[in-house]
Amino acid sequence: MSTGIGILGYGAYLPSYRLGSDSGVRGRRVVASFDEDATTMAVEAALGLADGDVRSLWWASSTPPYLDKTNAAAAHAALRLPATVPAADLIGTARSTFAAIRAALGDGGLVLAADVRVGKPGSLDEKAGGDGAAALLLGEGDAIADVLGVASETVEVLDRWRDPQRTTGEQWEERFGFEQYADRVRAVAARLLDGAGLTEADHVVVTSGNAGITKRAGVLVKGALSSTSSPIGFSGAADPLLALAAVLDVAGPGESVLVLSAVDGCDGLLLRTTDLLATRRSVRPVASQLDGGRAVPYPTYLSWRGLLERELPRRPEPDRPAGPPSSRAGAWKFGFAGSRCTECGFLHLPPLRVCRACSAVDAMEPASAADLHGTVATFTVDRLAHSPSPPVVDVVVDFAGGGRTTLEVADADADAMAVGAEVGLAFRRLFTAGAVHNYFWKAVVR
Amino acid sequence: MASNGIKDAVAIVGMGCTRFGERWESSTDDLLLDAVGECLTSAGVARDDVDAYWLGTLGSGQSGLTLSRPLGIDHKPVTRVENYCATGSESFRNACYAVASGAYDRVMAVGVEKLKDSGFSGLLRADPPSDGTAAELSLTAPAAFSLLDPAYTAKYGVDPVAMREAMTHVAWKNHVNGARNPKAQFRKEVLREAIEGAPKVAGRLGIFDCSGVSDGAAAAMIVRAEDAYDYTDRPVFVKALALAAGPMRGGLDPAYDFTTFPEVVHSAADAYAQAGITDPRSELSLAEVHDCFTPTEIVLMEDLGFADRGQAWKDVLGGDFDLDGRMPVNVDGGLKSFGHPVGASGLRMLYEAWLQLRGEAGSRQLADPRLALTHNLGGRPGGCVSFVSVVGNQRG
């Protein structure tokens, strides 16, 4: 490839909850919290990547929070990208993720891929799937990896499918899909390696919704240094990028990386890392995120996914957020941007027109809150509040550099919260009402 | 202060108050008719002789029609007011000003709330369409007020166990008082162990740290002070009416520490200036305050000037605010025993002041009370409206 477009950065996000033995899952199935979705997780994966020159935004998922509304627009807003940056959804499978990569290879762009994979209780998808997100920034300039080639083969095959009305899907027999995919995987690998004049790649990752393919990943196409598959189990659209992120976390300079994704055919991406990789690796390696996490009780998980209806507190359901106020407050709601008084410097979260400290009127400038962090001034555990997962933990946060606001806590451990605790921000869904996802920021213990 | 005040310009010459509770059998209309009827009888005024009405309700109806329709009032001015949990007091305050202005001779302030028809726990909010980000949209009232407890103990170095005992004492005391009140929702004393062991609602607040949820209505007849003795030989004179709406700075400003309500401090100072009170601890005979949650009452003792900063928890435990203490607080049982039908609460507080100042409080009667304070608060720590009134049984 000689487009001048290379890989400038990458990121991965794994939610912190794990399904444990009470669900019949062996190991630790990575599951998104009740307030996470493919949009919020994509924003997390892109942490630190959106500060530079982002030419376009491509968001890929098989579990879109919205249809008839561009999910990428919420990610675009949360990442505080300029309005001139195009953003679009590619809804479907990991093939959509490769379509996003192809689009970003044109002129540079940020590829986000995220999925909340839900399986029927007791199913293989429940046991062996995973929820997560990954991001890949492509553009001109000093790359951490050069793109050597992209290739695809397409085949119509009834291997994996889902009724758009349902959250859980179906699969044909595993061996059928394996036979359909195996040759395609080998063929795409051969084309990419031939094109680059290589006999083998240093690192090969093979991902697929077909477990037969992933089980035999190392046999189908072998890497000189490593042969791996998805780090968390099949994670839909996020799968190939999560697997790539795990390789980039450890790969050395000048090494070739071949990513193969067997879904309705096979897509492949061949890269060669540069010397810069070691200095610009993700600050949150996949392996360390995988090591962390904590158990969620199985009934709680089922209720998060709407597979088990729980008794809620005797409180009214919240109103859906309204369109016009959400637009007017967009910089705050999605970007967590406040206002700072130009007379006295007092920071207002949310932004206000009249200074709460010196009463100056309309003497405000927008205050970016990109990387705000702060300490807990006081907190409470609200057992009465309406929540998809009570109790709600709320904290009053005093931010470093000034400003205070009250926030819900994401991934809260009610017993571990303390005055003085250090918290950062996470883009989450407060609740969903009237099919409107109430996106906003929560405090999260970092 | 910016208030001129209307000290001794108007007087209360009659009051009515329904039994508060889960009044499944009574509608909002029924409660209004009962409270207004009792008030008219108390004042000896015929319904047609009332010149104007102010009605306070948060959510049991809108507009003056909420009162004119059930009463069948014939083309009189009826104004509906709302000011969060201080709604009942706001009705009273505006009615007093209507008489003081000379516009009317006889004005009735009415407050009502029918909370138990919703089927939900606690108070409900009716918020305008929003972007969905404000913390108060989800954070419930007990959670918001529970923030006082850890902040107070941290600031003053109070042992959390002692603070818990003080919170328990507030609930225990108010239930002891409420047990003596035939109009209260809860008329039983509650053991301290039951209070401390109750299921938690928010933070360290258990069920007994929260005011109840009830239905109720109350009403007051207000006339010019010089006419007061035409109606009764024991009128109650209005000495001060103060209201402060905060800028809601506390939620934005790291300097706010959740151990005080600045709005209460301001409204109390205003009321004391209007009434000419320099030492509330010695001059006031009793106080009815907004004990929505037990830590609220502790903090209010300091904000109203009844206790030194950081000392109220000790004074509470010492019995200073008990029925036989140096400054009886919530003698009628407070929100703890009455529940909090929002539009009615401020007038219910005033009803106890009325009874006490007239020597009609039965087994709760204090010896020779002269001045009573009522305090009503709407909102939460960090931003609220606070109302303070002072009333007395002597003019001048």
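Here are some questions and answers about the predicted model shown above.

User: Before we start, what pLDDT do local features need here?

Analyst: Residues are numbered from 1 along each chain as its sequence is written, while chains are lettered from A and ligands numbered from 1 in the order in which they are written. Side-chain values use heavy atoms, with hydrogens and water left out, and since this is a predicted model, totals for chains, interfaces and linings use all residues, side-chain atom pairs count only at pLDDT 80 or more, and local features need pLDDT of at least 70.

User: What average pLDDT does chain B get?

Analyst: pLDDT is the predictor's confidence in each residue, from 0 to 100. The model scores ipTM 0.91 and pTM 0.94. In chain B, 100% of the residues score at least 70, and the average pLDDT is 97.

User: How many bridges pair E22(A) with E23(A)?

Analyst: Strands (E, at least two residues) and helices (H or I, at least four) are DSSP runs, numbered from the N terminus, and two strands pair if DSSP finds at least two bridges between them. One bridge partner pair is Gly424(A) with Val444(A) in E23(A). In the hairpin of these strands, with two residues between them, Gly434(A) takes a positive phi near 60°. E22(A) and E23(A) pair in the antiparallel sense, and the number of bridges is nine.

User: Why is strand E23 of chain A called largely enclosed?

Analyst: Strand E23 covers residues 436-445 of chain A. It is largely enclosed by the rest of the structure because the buried count is eight of the 10 residues.

User: Where is Thr97(A) found, and is Thr97(A) buried or exposed?

Analyst: Thr97(A) is found in helix H3 (residues 94-107) of chain A. Contact means heavy atoms within 4.5 Å, and, not counting residues up to four places away in sequence, Thr97(A) touches Ala60(A), Val111(A), Ala113(A), Ala237(A) and Leu241(A). With a relative accessible area of 0%, Thr97(A) is buried.

User: What are the edge strands of the nine-stranded sheet in chain B?

Analyst: This open sheet runs in the order E3-E2-E4-E7-E1-E8-E11-E10-E9, with mixed pairing. An edge strand here pairs on one side only, and the two are strand E3 (78-81) and strand E9 (286-288) of chain B.

User: How many residues of E2(B) are buried?

Analyst: Strand E2 (residues 52-56) of chain B runs parallel to strand E4 (residues 106-114) of chain B, joined by five bridges, and four bridges join E2(B) to E3(B), also parallel. Tyr53(B) stands opposite Met108(B) in E4(B), and Leu55(B) stands opposite Val110(B). Both faces are covered, with Ala52(B), Trp54(B) and Gly56(B) on one side and Tyr53(B) and Leu55(B) on the other. The buried count for E2(B) is five of its five residues.

User: What is the relative accessible area of Leu139(B)?

Analyst: Leu139(B) sits in the loop between E4 and helix H4 (141-146) of chain B. Not counting residues up to four places away in sequence, Leu139(B) touches Thr380(A), Asp382(A), Asp394(A), Thr406(A), Ala144(B) and Arg380(B). Leu139(B) is buried, and its relative accessible area is 6%.

Key:
Buried < 20%, exposed > 50% of the residue type's maximum accessible area, 1.4 Å probe, protein only.
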